[in-house]
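Here is a note for a colleague who is meeting this structure for the first time. Please keep the sequence and the 3D view open while reading.

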Amino acid sequence: MVKYSICMCNYNMDNTLYKSVTSIGEQLNDKFEIIIVDDGSTDNSLNILKQLKEKYSFLKIIKLKRSRNRRLGFTRNISISHAEGEYVLLHIDCDDVYENHILDFIKAFHLIENWEQKDFLLKGMQINMAKKSFLLKHGPYRNIFYVEDRDLWIRMASLNNLIILKHKIFRRRMTNTLKNKIIKNIKYTFKITKQNMELGGISTTFIDTLKSKGSINIKIFKILTIIIMLPFVKLYKFEIETLNYKIISNLEWAKFKETNTLDLSKLAKTKNKDIKLESFNESFKKIFL
């Protein structure tokens with residue numbers, strides 16, 4: 001019986017898709033399924049997904065026709081809605097390779113779950129997990145580009161149902177080059193411009209951009225793009241839909257993360273719990289302790 005659903009979204013990632021899914025599939029047992037929503041790919045993705053389906057019987061493929069009105073947030077919701085598992089694992093992307101620690105992350109989740117005695121979204125380092133029923137009730141994602149994850153995290157934080165866990169990163173991005181970062185950030189800025197026009201977002205200052213993380217080259221490209229677009233719309237501060245419709249900037253979110261990100265040992269102390277090292281295998285200790 002499926003207990004865990006790994007929810008993934010793909011669009012034209014045929015150059016990384018096979019390696020990414022294989023890195024995950026080799027870690028799993030019969031308690032798992034992988035759901036991949038293909039968002040209308042025009043490359044060789046569907047043929048690769050067919051090959052992967054032959055290799056992994058627990059792979060479920062959802063094929064969609066491309067729609068200009070469907071953004072990544074809605075596509076992520078589709079992957080969750082098709083999940084058969086009680087728990088869903090999110091933000092596992094088709095251009096990432098994962099080391100053999102997904103089961104360790106799940107073990108950490110259940111450990112925290114025993115401490116909390118409530119539902120929550122666990123935000124790890126490039127991997128998230130929650131109960132499907134909880135996400136559908138208190139989420140889901142909004143139909144937005146690129147920052148759909150941060151939007152959800154902030155809404156969960158407003159409900160006091162977000163836990164940010166610091167641990168060693170066990171994921172590697174296959175396309176993480178400077179060129180790709182620059183192109184991605186330019187595209188991101190223009191997409192956020194369109195979103196802000198639709199949602200009524202307001203702007204932050206250039207100081208936000210200068211203080212944000214990233215190389216100087218990326219910051220320069222962001223600033224130049226902002227200058228070009230300023231006559232048309234105020235940029236780069238995003239309206240987050242919380243219970244109070246609070247407006248939060250990049251810097252405010254960064255400060256929240258810095259304050260509330262704890263490793264497993266520190267989190268245990270806040271709950272007055274003891275971690276017994278002998279209870280964990282070496283794989284788990286390598287990542288979390």
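1. Overall make-up. This is a predicted model, and its secondary structure comes to twelve helices and twelve strands. Of the 289 residues of the protein, 50% count as buried. Among contacts between residues at least 6 apart in sequence, 77% join residues that are at least 24 apart.

2. Eight of the strands form an open sheet with mixed pairing, and their order is 3-2-1-4-7-6-8-12. Strand 3 (59-63) and strand 12 (261-263) stand at the edges, and because each has a single partner strand, one side of each is left without a neighbour in the sheet. Neighbouring strands of this sheet are turned against each other by 25° on average, with direction ignored.

3. Strand 4 and its neighbours. Strand 4 is joined to strand 1 by three bridges, and these two strands run parallel; here Ile6 has Leu89 of strand 4 as its bridge partner. To strand 7 (residues 128-131), strand 4 (residues 87-90) is joined by four bridges, and this pair runs antiparallel.

4. Helix 4 (residues 102-116) lies across strand 1 (4-10), strand 2 (32-38), strand 4, strand 6 (121-123), strand 7 and strand 8 (162-166), and it runs at about 50° to strand 7. Helix 6 (residues 148-158) lies across strand 6, strand 7 and strand 8, running at about 125° to strand 6.

5. Helix 1. How much of helix 1 (residues 17-25) is covered? The helix is mostly covered, since seven of its nine residues are buried, namely Leu17, Ser20, Val21, Thr22, Ser23, Ile24 and Gly25. What covers these buried residues includes strand 1, strand 2, helix 2 (45-55), strand 5 (96-98) and helix 4.

6. A charged residue to look at. Arg76 is found in helix 3 (residues 72-81). Its relative accessibility is 6%, so Arg76 counts as buried, the cut-off for that class being under 20%. Leaving aside residues up to four places away in sequence, Arg76 touches Cys9, His91, Asp93, Tyr141 and Glu148.

7. The second largest pocket. About 270 Å³ of space lies in this pocket. Of the 15 residues that line the second largest pocket, Asn160, Leu162, Ile163, Ile164 and Asn260 are the closest to its centre. Strand 8, helix 10 (250-260) and helix 11 (264-270) each supply at least two residues of the lining, and strand 8 gives the most, with three residues. By class, the lining of the second largest pocket has eight nonpolar, four polar and three charged residues.

Technical notes:
Residues are numbered from 1 along each chain as its sequence is written. This is a predicted model: local features need pLDDT of at least 70, side-chain atom pairs count only at pLDDT 80 or more; totals for chains, interfaces and linings use all residues. Side-chain values use heavy atoms; hydrogens and water are left out. Two strands pair if DSSP finds at least two bridges between them. Axes are lines fitted to C-alpha atoms, for helices over the stretch in contact, and angles run from 0 to 180 degrees between N-to-C directions. Contact means heavy atoms within 4.5 Å. On a 1 Å grid over the protein atoms alone, a cavity is a set of points where a 1.4 Å probe fits but cannot get out, and a pocket is an open set with protein on both sides within 12 Å along at least five of seven lines; lining residues have an atom within 4 Å of a point. Grid points are joined across faces, edges and corners, and a volume is the space filled by probe spheres set on the points. Ala, Val, Leu, Ile, Met, Phe, Trp, Tyr, Cys and Pro count as nonpolar, Asp, Glu, Lys and Arg as charged, and the others, Gly among them, as polar. Buried means under 20% relative accessible area, exposed over 50%, partly exposed in between (1.4 Å probe, protein chains only).
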